[in-house]
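Biologist: I'd like to learn how to read a model like this one. Could you walk me through it, feature by feature?

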Amino acid sequence: ETGADLWLRYPKVPIPGRLAEYQAAFKRVVKSGTGASLDIAEAELVKGLSGLTGGTVATGAAVDGPGAVVIGTAAADVIKGLPLAARLGALGPEGYLVEAADIGGQPVIAVAGNTEVGVLYGTFALLRHVQSHSALDKLSLTGSPKIGHRILNHWDNLDRSVERGYAGRSIWDWSALPGTLSPRYKDYARANASIGINGTVLTNVNANAQVLTPSYLTKVKALADVFRPYGIKVYLTARFSAPVEIGNLSTADPTNASVKQWWTNKVNEIYQQIPDFGGFLVKANSEGQPGPQDYGRTHADGANMLADALAPHDGIVIWRAFVYSDTSPPDRIKQAYEEFKPLDGKFKSNVLVQAKNGPLDFQPREPFHPLFGAMPKTPLALELQITKEYLGEDTHLAYLGPLFEEVLKADTYAGGEGSTVARVIDGTLHKYATTAISGVANVGDDTNWTGSQMNQANWYVYGRLAWNPDLSSEAIAEEWVRQTFSNDPVVVEPVVQIMMQSREALVDYMTPLGLVHIMGNDHHYGPGPWLNSLSRVEWNPVYYHKADANSIGFNRTSSGSNAVAQYAAQVGQTFGSRDTVPDDLVLFFHRVGWQDKLKSGRTVWEELVHRYSQGVDEVGVMRETWKSVEGRIDGKRFSDVSDFLQIQHYEARWWRDACLAYFGSVSKLQVPSGYAPLANTLSFYQGLRCPSDPKKPRCSQVYTGNPS
Ligand code: BDP
């Protein structure tokens, strides 16, 4: 076991009764119809069911006995004749039904969809059911995605480096493409299809125009051809200045006729090779990227120009709202709303505006982005970060399901109570015609795909929530553990418990009480709340917490930056009042005295010490809990996780001590008795650097504190 199989593992079912039930039900796969996706569905069922039943599941042309799994689209005669056919229509092109049925007096299991890809999704739903050792009695599985475009965003560069990647190099081997197709491309596609992901942006948002040149487009085409039967469309990032850089034009002004023509020609060229190309993802006028504002134009002008080129081919533009600039207002987090809200209604119908979950930048915890609910005439896409840039990268175990669920369930109040972010992005609130969600991928060429065994769960939960944002992250954790490790309750229960407490533990030992962005510069891995040396104020941790001798926190109320006014009144009032703001976000919205009391009854300083300490203790508990599964899962994956938990435990203590040493030095307050004293001085922590450079020793190896 290396982890390379992800959650697509099919060991023989160890429960005799269940095994017998499965062996009787899964004797052969009967495919009705032809097509590449159907072939894949058939092969997946043969592989998966053979493994799970410990036998050889055959393929057959007709139902000639009990034990057939019949797969086909609504158009297949065998499906048309079944009672379920009447219910298929309502499920849309990607929906599926998997049900026990009767064909010619023989009991069968039917896997049906309106399209071949629907059948493939049904196939994976059936396999998931069987991987969880669930009964087949009254089997009835239904699914149809609530969000149309469920996309991974790879921040992969053409030299195979990955921005914020912690799992090795990019899986796209550009130099070997198109001639050589790594087997990983298919494995990647089937993993995505198994959780319903139907799009992939191959390239970094900090884009390189080269990918739009003819030689790269043939490589992109080769990947698109592999992904197509898995229902996955390919997208690219479009560098706004491409007409200048690779087109020999003197401008990239979106109102210039030659520029428009250049993009139209480029898009036509792409579709000649890739007829189902998804479209462009664009980061413009943000962190130094070129964009329409360079020419005095708006984001809408830029997006619409690309949208016009893509529209005849049904392509879309996903235009990012992650913008902030040097000249931004005194509160960086306000800029996206200020730039985009006035443009609501000005975008072409094939443009989506993509906002990160929070207004800052993928922090362990921040409030939901105020644009959600504020753009009723512009489809908003939600961008989540699966790669854990600010949450301990590859090493720290942090299951992101609860973070994703927190934002999806956040109530924007845009249309009254119940106007959750999920309802904004699934289009039901504002009746968006197009809907999308994006996750910044955590995939690389590491054997285990994601740099750690447990980070696979974050890829998985993203896909499952993208398919249905109303699912519970705990239920998803459980299904992932069952597929990935074991169905034995003595494994499932503790591992789910670890996963469900992990993100909150990390918030506690890194950024409790609404602190944000106090990670070290560049690497964003270890603590650096004291840092204040970067040229742009809003890149420095001290800008975010503003701690001094008397108080700490960023005043975003009406007496401060008034960022709270960007939310619907109900939400703004809750966040804006000290009485109602949750302790979890207090320092994000308020400036409070060190001795002020919080809802817990403790002072701000006491609560800070309490939460930092609790975070370390929680990792200790996670570590102990993990020990209980030793011998119940394979040794390699067990020790991989154990080793990382040890690092995490040490580094949680490092985070706690470094942050408390710094905040204590500013507030002149001591760690109260009853809590572990700080292991080292502030200057010791300030002398540590922890780049995410695999060639350098990990912090845990240079840090000498005692984790508990
Ligand atoms: C920040 C990352 C940076 C990305 C940027 C973005 O540090 O690498 O380019 O977000 O989303 O979180 O564009």
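This is a predicted model: local features need pLDDT of at least 70, side-chain atom pairs count only at pLDDT 80 or more; totals for chains, interfaces and linings use all residues.

Biologist: Which handedness does the crossing of helix 12 and helix 15 have?

Modeller: Helix 12 passes helix 15 in a right-handed crossing.

Biologist: And how do I describe the packing itself?

Modeller: Two packed helices are described by the angle between their axes and the distance between the axes. Here, helix 12 covers residues 401-409 and helix 15 covers residues 473-484; their axes come within 9 Å and cross at roughly 150°. Angles over 145 degrees count as roughly antiparallel, and helix 12 and helix 15 are therefore roughly antiparallel to each other.

Biologist: Which residues of helix 12 and helix 15 meet?

Modeller: From helix 12 you have Gly-401, Pro-402, Phe-404 and Glu-405, and they meet Ser-473, Ile-476 and Ala-477 of helix 15. By class, the residues of that contact are 4 nonpolar, 2 polar and 1 charged.

Biologist: Let me try another pair. At what angle do the axes of helix 20 and helix 21 cross?

Modeller: At roughly 170°, with the axes coming within 9 Å; helix 20 spans residues 604-627 and helix 21 spans residues 635-667. So helix 20 and helix 21 are roughly antiparallel to each other. Their contact has 14 nonpolar, 8 polar and 3 charged residues.

Biologist: What about the backbone? Where does Arg-160 lie, and what is its phi?

Modeller: Arg-160 lies in the loop between strand 7 and helix 6. Its phi is positive, about 75°, although Arg-160 is not a glycine. Pro-178 also has its place in the loop between strand 7 (149-153) and helix 6 (183-194). The peptide bond from Leu-177 to Pro-178 is cis, with omega near 0°.

Biologist: Now the ligand. Which residues are around it?

Modeller: Glu-163, Arg-164, Val-205, Asn-206, Lys-283, Glu-287, Phe-322, Asp-361, Phe-362 and Glu-389. Sort that shell by class and you get 3 nonpolar, 1 polar and 6 charged residues.

Biologist: Last one, zooming out: how is the chain divided into domains?

Modeller: Domain 1 is 16-143, domain 2 is 149-471, and domain 3 is made of 507-554 + 591-702. Taken over C-alpha atoms, the centres of domain 1 and domain 3 are separated by 50 Å.

Conventions. Residues are numbered from 1 along each chain as its sequence is written. A residue is near a molecule or strand if its C-beta atom, placed from the backbone, lies within 6 Å of it. Ala, Val, Leu, Ile, Met, Phe, Trp, Tyr, Cys and Pro count as nonpolar, Asp, Glu, Lys and Arg as charged, and the others, Gly among them, as polar. Domain bounds come from an automatic or database domain assignment. Axes are lines fitted to C-alpha atoms, for helices over the stretch in contact, and angles run from 0 to 180 degrees between N-to-C directions. Helices (H or I, at least four residues) and strands (E, at least two) are DSSP runs, numbered from the N terminus. Angles under 35 degrees count as roughly parallel, over 145 as roughly antiparallel, 65 to 115 as roughly perpendicular and the rest as oblique. A crossing is left-handed if the near helix is turned anticlockwise from the far one by less than a right angle, and right-handed if clockwise. Two residues are in contact if their C-beta atoms, placed from the backbone, lie within 7 Å.
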